[in-house]
Amino acid sequence: RCTSCRMSCCSTSLSSSRSRVWISRCTVIVRVAESILARAYRPSTLSAFVATAEAGDDEMAARIARHRAERPSTWRTIETPLALVSVLTTLDGDADVVVVDCLNLWIANLLHKRPDLSESDLQREAGGLAAIAGRPRYALLVVSNEVGWGIHPQTELGRRFRDALGLVNQAVAGAAGEVVLMVAGCPITVKAPDSRGLAGGGRRE
């Protein structure tokens, strides 16, 4: 559920101490419906939360404000409904840990605000994000939803959204070092990190 988890989640390989050596990699967390992210995570001193949601109504605005308040005060929040790839590129050197929540709202925003978005445009966006996921310069945690298991969309836009998100999920998951599927709050490892725990990223201190 987009922007509704507390993001006290994700990778036990990260450390709250910047002096500890850790390996940069991308972890993709895929949720089914309203599953809760429940893996313990300690934020580093340089953490960024990249949010793709927009406050379209009062309820959503209150939800966003509540979840922002629940995050540690040391976290930097960046709201980017459309320019996700460029924002992640600019964070190189400015963050140790970056959480993206979430890809499904990013795709929904692209389709809604760029109705002329072509398949090649979408593939370009997916490729840019996959390139970052394959060789992250920071510990990158990307949240998305699996929408292909639900009912068949009744509208053309709904079907396009399902297909577009599936394309992006596959591209990013293919490049990431780890993929975790959350079902009823339980993490299921779909793709485990290799023996080095490395997905193209380099070591940082």
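## Close-up views of a predicted model

View 1. Cys102 is found in the loop between strand 5 (97-101) and helix 3 (103-113), where helices (H or I, at least four residues) and strands (E, at least two) are DSSP runs numbered from the N terminus. This is a predicted model, in which local features need pLDDT of at least 70 and side-chain atom pairs count only at pLDDT 80 or more, while totals for chains, interfaces and linings use all residues. Residues are numbered from 1 along each chain as its sequence is written, and side-chain values use heavy atoms, with hydrogens and water left out. The peptide bond that leads from Asp101 to Cys102 is cis, with omega near 5 degrees. Most peptide bonds, by contrast, are trans. Asp101 itself lies in strand 5 and, at 0% relative accessibility, counts as buried; buried means under 20% relative accessible area, exposed over 50%, and partly exposed in between, for a 1.4 Å probe and protein chains only. Between the C-alpha atoms of Asp101 and Ala53, which are 48 residues apart along the chain, the separation is 8.0 Å.

**View 2. The overall fold.** The protein has five helices and nine strands, and along the sequence these follow the pattern β-β-β-α-β-α-β-α-α-β-α-β-β-β. Of its 205 residues, 46% are buried. Among the contacts (heavy atoms within 4.5 Å) that have a separation of 6 or more, residues 24 or more positions apart account for 80%. The accessible surface, computed by the Shrake-Rupley method with a 1.4 Å probe, and for residues with only the protein chains shown counting as cover, comes to about 10100 Å², of which 52% belongs to carbon and sulfur atoms.

View 3. The ring centres of Phe49 and Trp75 are 6.4 Å apart and their planes stand at 55 degrees, so the pair is tilted. The two partners are 26 residues apart and link distant parts of the chain, with Phe49 in strand 3 (residues 47-51) and Trp75 in the loop between helix 1 (58-70) and strand 4 (76-79). Phe49 is buried, with a relative accessible area of 2%, and Trp75 is buried as well, with 9%. The charged end of Arg71 sits over the ring of Phe49, 3.8 Å from its centre; for this assignment, NZ of Lys or CZ of Arg must be within 6 Å of the ring centre and within 35 degrees of the ring normal.

**View 4. Helix 1 and its buried side.** The end C-alpha atoms of helix 1 are 18 Å apart, which agrees with the 18 Å that its 13 residues should span at 1.5 Å a residue, the expected span being 1.5 Å times one less than the number of residues. Its buried residues are Met60, Ile64 and His67. They cover an arc of only 70 degrees around the axis, which puts them on the same side of helix 1; the arc is that of the directions from the helix axis to the C-beta atoms. These buried residues pack against strand 4, whereas Asp58 and Ala69 are exposed on the other side of helix 1.

**View 5. Glu125 in helix 4.** Helix 4 has 16 residues and reaches 22 Å from its first C-alpha to its last, close to the 22 Å expected at 1.5 Å a residue. Glu125 lies in this helix, which runs over residues 119-134, and at 18% relative accessibility Glu125 counts as buried. Other buried residues of helix 4 include Leu122, Ala126 and Leu129. Apart from its neighbours within four places in sequence, Glu125 is in contact with Val85, Trp106, Leu110 and Arg114.

View 6. In helix 5, Ala164, Leu165, Val168, Asn169, Val172 and Ala173 are buried. Seen down the axis of helix 5, the buried residues fall within an arc of 155 degrees, so they line one face of the helix. The face turned away from this buried side carries the exposed residues Glu156, Gln170 and Gly174. Gln170 counts as exposed at 62% relative accessibility, and its C-alpha is 9.0 Å from that of Ala126, 44 residues away in sequence.

Methods:
Phe/Tyr/Trp six-rings, centres within 6.5 Å; stacked < 30°, edge-to-face > 60°.
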